[in-house]
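Open the model in your viewer. Keep the selection tool at hand and follow the stops below.

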Amino acid sequence: MMKRIVVGIKRVVDYNVRIRIKPDGSGVVLDGVKMSVNPFDEIALEEALRIKERGLAEEVIVATIGPPDCQSQLRTCLAMGADRAVHVLSDAPTEPLTTAHILLKLIEREQPFLVLLGKQAIDEDNGQTGQMLAALWQRPQATFASKIELAEGKAQVTREVDAGLEILEVDLPAVVTVDLRLNEPRYVKLPEIMKAKKKPLESLSLESLGVTPRAHLTTVRVAAPPQRQKGIRVDNAAALVAALKEKGLLPS
Amino acid sequence: MSASILIIAEHDGAALGIGTAKCVACAATVPQAEITIVVCASDASAVARQAAALQGVSRVLTVEHPIHAHPLAAAIAPQIAALAGPYTHVLGPSSTFGKDVMPRIAALLDTAQVSDIMAVEGPHRFRRPIYAGNAIVTVAVPEDTKVVGTVRTASFHAAAAGGTAPIEKVDAPVEPPQHTRFVSTSAATSDRPDLQTAARVISGGRALGSAEAFQMLYQLADKLGAAVGASRAAVDAGYAPNELQVGQTGKIIAPDLYVAVGISGAIQHLTGIKDARTIVAINKDPEAPIFEVADLGLVGDLFEIVPQIEQLL
Ligand SMILES: Cc1cc2nc3c(=O)[nH]c(=O)nc-3n(C[C@H](O)[C@H](O)[C@H](O)COP(=O)(O)OP(=O)(O)OC[C@H]3O[C@@H](n4cnc5c(N)ncnc54)[C@H](O)[C@@H]3O)c2cc1C
């Protein structure tokens, strides 16, 4: 059996974009906004590519679920070095649980020894898909990874947790969700972009996978967060300390 | 209909985490809530006592199993899923512990999760931040569906002590899987206040330029009784350890005083400090975005200003 890694990626509003909320409160303006691969997913893909380059995997497959436009993000991933891409078409965004069900179908088909995902997508900031997938697959999960070491049939994963760093050992196959410090993704060079156009990109329908999307949550409204009052400037350290004293913010 | 809420305790085997008391506070804002805390541990006695002492808690359940000596999501989730039947809500803190385990529970219960609950608008209606806190969405869960959620701890004050809930031991409902094993943890031990609960926090950014320069912040922090935080750039550069990172992908904090030193104020950083009562910015660039949210701004070179402040205290 070919040693495969499946990497899940999501098309999201680029992290540099200052988002705008629709006046009717129904959501965030997406028309004409720059879209990119979710930064955490890029790190997941980079890690998969490095594992392959070390000779520990034979094929890296990127998968996404979303509208036809997602192909451009999949092409970026192929240009980074993924071997092939799978696009599951869905015009409506899928909730993490549905996304996990879809990814599980792809896993059953591809039989990877490792599934890498970003720890969260920077649009909805849910941070759920990897853990849900691991639960449905009944396999280990290692979230927030900042280091992954593979051995025969298992992996040691260093996780960024609130207290510091935690190391887990998981049997493979497993789901690992990645944090920012795992690696720095490579830049894509022009020849790679040209080559990526010839790499296989398969489109699948939800029906062909036998998944019916379910929407549990309804969006009631989207609003801007409360704005902070604009503050004042002070001229020097002494004025700052005086102001803090006056506000009662210094220890007595 | 009254709500019956199960909260998953976060703890280190000895002490109950502050996030659990915040979950209790969040749960208490659900009308007519009856609150149960469940403690999964190898020996739950000490933690269960602390949980039982939280005001508003009706009952504490303990599930003891050697595998629960460490908080493994794969081991905890099936226990909770097996116990969750009678409850209308299952909540955990939006800490790395809760973020790890709660979605696994939600999937086993075949339901969605509401992440980072910042306000309860009704038993099935919640507000949560999206896009790094640049938008707030109100979501509704169907009335007949169990709510699984994580609680954005910076949005709630911890429930006070003073309760005397009964503690009930339950047999581990399932035999946890062995495919995930704890190896080690490198928790930095420090005498300084904890970043997540400190009343005052001083954070340094890329401008510090070295781990040595960060010592200057530690000195100032000690004088102020403050915790030290850092921007992602400072952590990535190795000036500060990862557990000090504040922001979208680090810690979300709500101190009385937050001092940002040499931090530009990227949206991913600001999302971690939105709930700070007073924000102070020290930055040599008068146009730095951090000044847009700062209550007190001082334009200048941090290497001059920080020692001056220390002198003045
Ligand atoms: C998906 C994603 C998630 C992220 N999550 C986080 C997160 O959780 N937390 C986080 O912090 N960032 C996060 N970031 C990174 C964020 O976008 C910024 O890159 C980062 O916050 C910048 O850190 P900084 O302000 O220390 O550095 P810079 O942006 O480089 O700012 C340095 C500042 O120091 C000032 N300065 C320089 N010299 C001096 C001096 N001598 N005296 C005074 N001021 C001086 C400069 O004027 C400048 O404003 C994330 C990014 C992405 C893409």
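How much area is buried between chain B and chain A? About 6,900 Å², and carbon and sulfur atoms give 53% of that. Buried area is the accessible area (1.4 Å probe) that two parts lose on being put together, summed over both.

Some ground rules. This is a predicted model: local features need pLDDT of at least 70, side-chain atom pairs count only at pLDDT 80 or more, and totals for chains, interfaces and linings use all residues. Residues are numbered from 1 along each chain as its sequence is written, chains are lettered from A and ligands numbered from 1 in the order in which they are written, and side-chain values use heavy atoms, without hydrogens and water.

**Stop 1: the interface.** Select B:Tyr131, B:Arg181 and B:Leu296. In chain B, these three lose the most area to chain A, together 11% of what that side buries. Now zoom in on B:Arg181 and A:Asp171. Their side chains meet in a salt bridge, 2.6 Å from N to O. The term means a side-chain nitrogen of Lys or Arg within 4 Å of a carboxyl oxygen of Asp or Glu. Chain B and chain A have 7 salt bridges between them.

**Stop 2: the ligand.** Show what surrounds the ligand. Residues come from chains A and B, so the site is shared between chains. Among the 30 residues around the ligand, B:Arg206, B:Ser231, B:Thr249, B:Ser264 and B:Asn283 come nearest; a residue counts if one of its heavy atoms lies within 4 Å. Pick B:Thr249. One of its polar side-chain atoms lies 2.7 Å from a nitrogen atom of the ligand. For B:Asp301, a polar side-chain atom lies 2.9 Å from a ligand nitrogen atom.

Methods
A polar contact is a pair of N or O atoms within 3.5 Å; within protein, one must be able to donate a hydrogen and the other to accept it, and residues adjacent in sequence count only if both atoms are side-chain atoms.
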